[in-house]
Amino acid sequence: SRTLVAAAAQMGPIALSDTRREVVARLIALLHEAASRGAELVVFPELTLTTFFPRWYMTDPDEIDAFYETEMPGRETLPLFEAAKKLRIGFYLGYAELVVENGVKRRFNTSILVDRDGEFVGKYRKIHLPGWDAPQPDLKSQHLEKYYFEPGDLGFNVFEAFGTRVGMAICNDRRWPETYRVMALRGSEMILVGYNTPDDHTGNFDFDSLTQFHNQLSIQAGAYQNSNWVIATAKAGHEEGSNLIGQSMIVAPSGQIVAMATSTDDEVVVAKCDLDMAALYRKTIFDFARHREPEHYRLIVEN
Ligand code: CDT
């Protein structure tokens, strides 16, 4: 059967003072470990190259711009691309993207997919941006993604790569069933997700105490209901006063967790993914062509 050895390369915290060079050195170490365990594809977290800056309200454009990449690879990220190519390992990398279009700065929470030959495969820009577009005085922890990014404009595409069809999503996207379903309808067999999830993200203790459960629930349901492998990777640990959950995991199309990180630090989890498992579920309980009833779903796409 068709198989792909995939890895979730979880990262522990990144301090505000950490440089891109230091972060890239950690990413390369994770690549080496993943390669030594046979991985062909490595999934890094969301906003992998810096601390999770949307927790702060900044107004100085130079201070803000310093968190974004204007080219990929750039001078500081090139060594990661070179190391991956040498190891013959593909990767998903999340980063803050700044593009200038018609003289206007546009900012996205982005991921890219690179194949085992070092070739660019595809780009995704986060669609479901959580949090707020201005600081919230009554919240203890701020989450200002709607201030720092605009919603992605590339849709949920699926890319032919690694002998399968791969989709990408970023963090909060994993909680929305539509994310997985659109890609599954486009034939994805594997969905890659990076995330940064603070354990106090709603500000309501009843919800926040279930943060890890909701992480698993969303990813396992997304995998099962859409017959996809999901490789989900956290940036985790105590980062600049915020506690980010770990639980980086590889989930099969059955919804079963095949591998999960046990720490909140840099850690690689690896699994041999049977890609035909995705096809099996699609031929049976989730044979979309036979069983879906889209005329009853119209409300979902109305504003
Ligand atoms: N990065 C990200 O999307 N995090 C959200 C939690 C914050 S919601 C204010 C998540 O869904 O995990």
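By class, the shell around the ligand is made of three nonpolar, six polar and two charged residues, where Ala, Val, Leu, Ile, Met, Phe, Trp, Tyr, Cys and Pro count as nonpolar, Asp, Glu, Lys and Arg as charged, and the others, Gly among them, as polar. Among the residues around the ligand are Glu46, His143, Cys171 and Arg175, a residue being near a molecule if its C-beta atom, placed from the backbone, lies within 6 Å of it. This is a predicted model, in which local features need pLDDT of at least 70 and side-chain atom pairs count only at pLDDT 80 or more, while totals for chains, interfaces and linings use all residues. Residues are numbered from 1 along each chain as its sequence is written.

Strand 12 (residues 249-251) and strand 13 (residues 257-260) pair in the antiparallel sense over three bridges, with Val251 opposite Ile257 and Met249 bridged to Met260. Five residues lie between these two strands in their hairpin, where Gly255 takes a positive phi near 90°.

Finally, which residues is Ile231 in contact with, leaving aside its neighbours within four places in sequence? They are Ala6, Ala8, Val43, Met190, Leu192 and Ile250, contact meaning that the C-beta atoms, placed from the backbone, lie within 7 Å.

How values were computed. Two residues are in contact if their C-beta atoms, placed from the backbone, lie within 7 Å. Two strands pair if DSSP finds at least two bridges between them. Helices (H or I, at least four residues) and strands (E, at least two) are DSSP runs, numbered from the N terminus.
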